Amino acid sequence: MTAVLEVQLQPRVREFLAGSKKLLIGGEWVDAASGRTFATFDPATGEKLADVAYGDATDIDRAVKAARRAFEGPWSRMKSAERERLIWRIGDLLSERAEAFGQLESLDNGKSAVIAQVVDTQWSADVFRYYAGWATKIEGSTVNVSMPFAPDAEFHAYTLREAVGVCGQIVPWNFPLLMAAWKIAPALAAGNTVVLKPAEQTPLTALLLGELFEEAGFPPGVVNIVTGYGDAGAALSAHHDVDKVAFTGSTEVGKLVIDAAKGNLKKVSLELGGKSPNIVFADADFDLAVAGSVNAWLFNHGQSCVAGTRLFVEDKIFDDFTAAVAEAASQVKIGPGLDPTTQLGPLVSQEQFDRVTGYLQAGLADGARALTGGKRFGDRGFFVEPTVFVDVDPSFSIVKEEIFGPVVAAMPFNASDGIAAAANDSEYGLAAGIWTKDISRAHKVAKQLKAGSIWVNQYNGFDTALPFGGYKQSGWGRELGAAALDLYTQTKAVNIAL
C-alpha cells in the first residue's frame with residue numbers, strides 16, 4: 001500500500017489491517033485448525049494487505065457444530081421481537097461505520113471507496129433493517145379442510161413457517177459485503193443460524209462484519225465466518241448437518257455446489273452468471289440511454305452478474321449511439337478506489353485480469369473492432385481499459401460468454417424483425433434493459449424476455465423489496481424482498497381432529 005493511500009485510511013481501517021485475521025466460530029476468533037494463512041492483495045497495486053486464516057473442512061465442521069448448538073439453543077428460544085432488534089442493530093452499526101467499510105472494501109476489491117460506502121455499505125444496512133422488520137411478520141395460516149372421507153368429524157388445520165436450521169452461505173468477490181448481507185439478513189430473520197464462507201479474494205469486510213455481530217450482542221454461534229478457498233466451500237456444501245446452502249458465483253461452480261449438496265438433499269439456492277441484453281430502440285431518450293448503457297456494463301468495473309454486456313441498438317441509430325457510448329466510456333477516470341475521483345477501478349485479481357485481457361485478445365482475433373479500449377491500462381495493478389466492440393457475430397466468445405470485466409459487444413437490430421429471439425439467445429437469463437418512450441412496446445418486450453429482472457429506461461434498478469434471481473442457467477430461487485424468506489423457511493401443516 002502506498003504511503004499516500006495509507007494516510008487517507010481511517011484509523012479503524014489501519015487498526016483492522018494491522019491485526020490478525022482469524023475465523024469466527026462459536027463467538028470466538030480462532031486460528032485455522034491447520035495454522036495456515038493466506039494473503040489478500042490490493043488490486044490497485046498488487047501489494048499484500050493482510051494474512052488471513054486459511055479455513056478448511058475441519059474448520060467448517062467446527063463452525064457447523066457451533067451453528068447447530070446456537071440453533072437448538074438460545075437462538076431458537078429468543079423472541080422474534082428480540083431478533084428484530086438485534087438484526088436492526090447491525091444495520092445501524094453499518095451506517096455508523098460506512099466510511100470504514102467502504103475503504104476496506106475498496107482496498108480488498110478495488111472498487112471506488114465512495115461507491116462502496118454509498119452503495120455497498122449503506123444498501124447492506126438497508127437490507128438488514130428490511131429483514132429485521134420481517135422477523136416479527138413471518139406467519140402461517142389457517143386452512144378450511146374438507147376431509148371428505150370423514151364427513152361427520154371436525155378439524156382445526158393450520159400451517160407454520162419454521163426456520164430451516166443451519167445455513168451455509170458462500171458469497172463472491174464482486175460485492176463481498178453486500179452479498180453477505182443479502183444472505184445473512186433473511187436467514188437470521190427467519191430464525192436460522194449461519195456459516196458464511198467469503199471469497200478468498202475479498203475476505204476482509206466479512207470479518208469486520210463479524211465484529212459487528214459480537215458488538216450487537218448476538219448469541220455465540222448464530223453467525224460463524226470461515227475464510228478459505230474452494231475446498232472450504234465444497235465442505236460446507238457437502239456437510240450433512242447443514243440444512244440449506246446458498247451460493248452466489250459462477251454457473252460452473254454452482255453446478256458443483258448442487259452435486260455436493262445432494263448427499264443429504266439440503267435446500268439449495270443459486271444466484272449465478274449472466275450475459276444480459278441491453279436493448280435500445282431508436283425512439284429512446286438518446287442521452288439518457290447512452291449514460292444508462294455505459295453504466296450497464298461499467299458499473300463495478302463490469303464485475304457484475306447483471307452487466308448489460310450485449311448491447312442491442314436499433315439499426316437506425318446504431319453508428320451514432322455506439323460512437324457516443326464509446327466516447328463516454330473513453331472519458332471515464334481510471335484509478336485506485338481510494339481516489340475519490342476514480343470512476344473505474346482495477347479488476348479484483350491477477351487471475352481476473354488475465355481472464356478479461358484474454359477475452360479482449362480473442363475478440364480482436366475473431367474480427368471484432370474496438371471503438372475504444374481493447375487493452376490493459378497502465379503498467380501497475382489490474383486495470384483494463386473500457387472496451388466497446390462492434391462488428392461482432394453472435395458466435396464470438398465475447399458475445400456468448402460472461403467476461404466479468406469492462407467490455408461490451410454492440411449489435412444492430414431491426415425493430416420490425418423483433419428483438420426477443422436475439423436477446424434470449426443465451427444460456428443465461430438474469431437481467432435485461434429496455435430503452436424506449438413507447439410504454440406499450442416496453443411492456444410487450446418485457447414479457448417476451450426470459451430474465452428475472454427487467455429494467456425499463458434505467459439499468460441496475462435494484463430495490464431491497466424487489467425479488468432478484470435468474471431464469472435458465474442464471475440460478476435457482478429469488479433473493480431480496482419477501483421471496484427470499486422462502487429460501488430460509490419450510491412449511492409445516494398441522495391438522496387436529498376436534
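The model is predicted, with local features needing pLDDT of at least 70 and side-chain atom pairs pLDDT 80 or more, while totals for chains, interfaces and linings use all residues. Residues are numbered from 1 along each chain as its sequence is written, and side-chain values use heavy atoms, without hydrogens and water.

The salt bridge joins Arg380 and Glu47, whose closest N and O atoms are 2.7 Å apart. Glu47 lies in the loop between β3 (37-41) and β4 (48-53), and Arg380 in the loop between β14 (369-372) and β15 (387-390); 333 residues separate the two, so the pair links distant parts of the chain. Strands (E, at least two residues) and helices (H or I, at least four) are DSSP runs, numbered from the N terminus. Over the whole structure, a search finds 24 salt bridges.

The domain assignment gives domain 1 as 11-272 + 475-495 and domain 2 as 277-456; such bounds come from an automatic or database assignment. Taken over C-alpha atoms, the centres of the two domains are 31 Å apart. Domain 1 brings 26 residues to the contact and domain 2 brings 25, where contact means heavy atoms within 4.5 Å.

The size of an interface is often given as the accessible area lost when the parts come together. Here domain 1 and domain 2 bury about 1,900 Å² between them, 63% of it on carbon and sulfur atoms; this is the accessible area (1.4 Å probe) lost on putting the two parts together, summed over both. In domain 1, the residues that lose the most area to domain 2 are Pro43, Ala44 and Trp173, together 26% of what that side buries.

Seven residue pairs between the domains are in polar contact, both residues at pLDDT 80 or more. The term denotes a pair of N or O atoms within 3.5 Å; within protein, one must be able to donate a hydrogen and the other to accept it, and residues adjacent in sequence count only if both atoms are side-chain atoms. On the side of domain 1 that touches domain 2, α6 (98-109) and α7 (113-134) each supply at least two residues, and α6 gives the most, with five.

How values were computed: A salt bridge is a side-chain nitrogen of Lys or Arg within 4 Å of a carboxyl oxygen of Asp or Glu.
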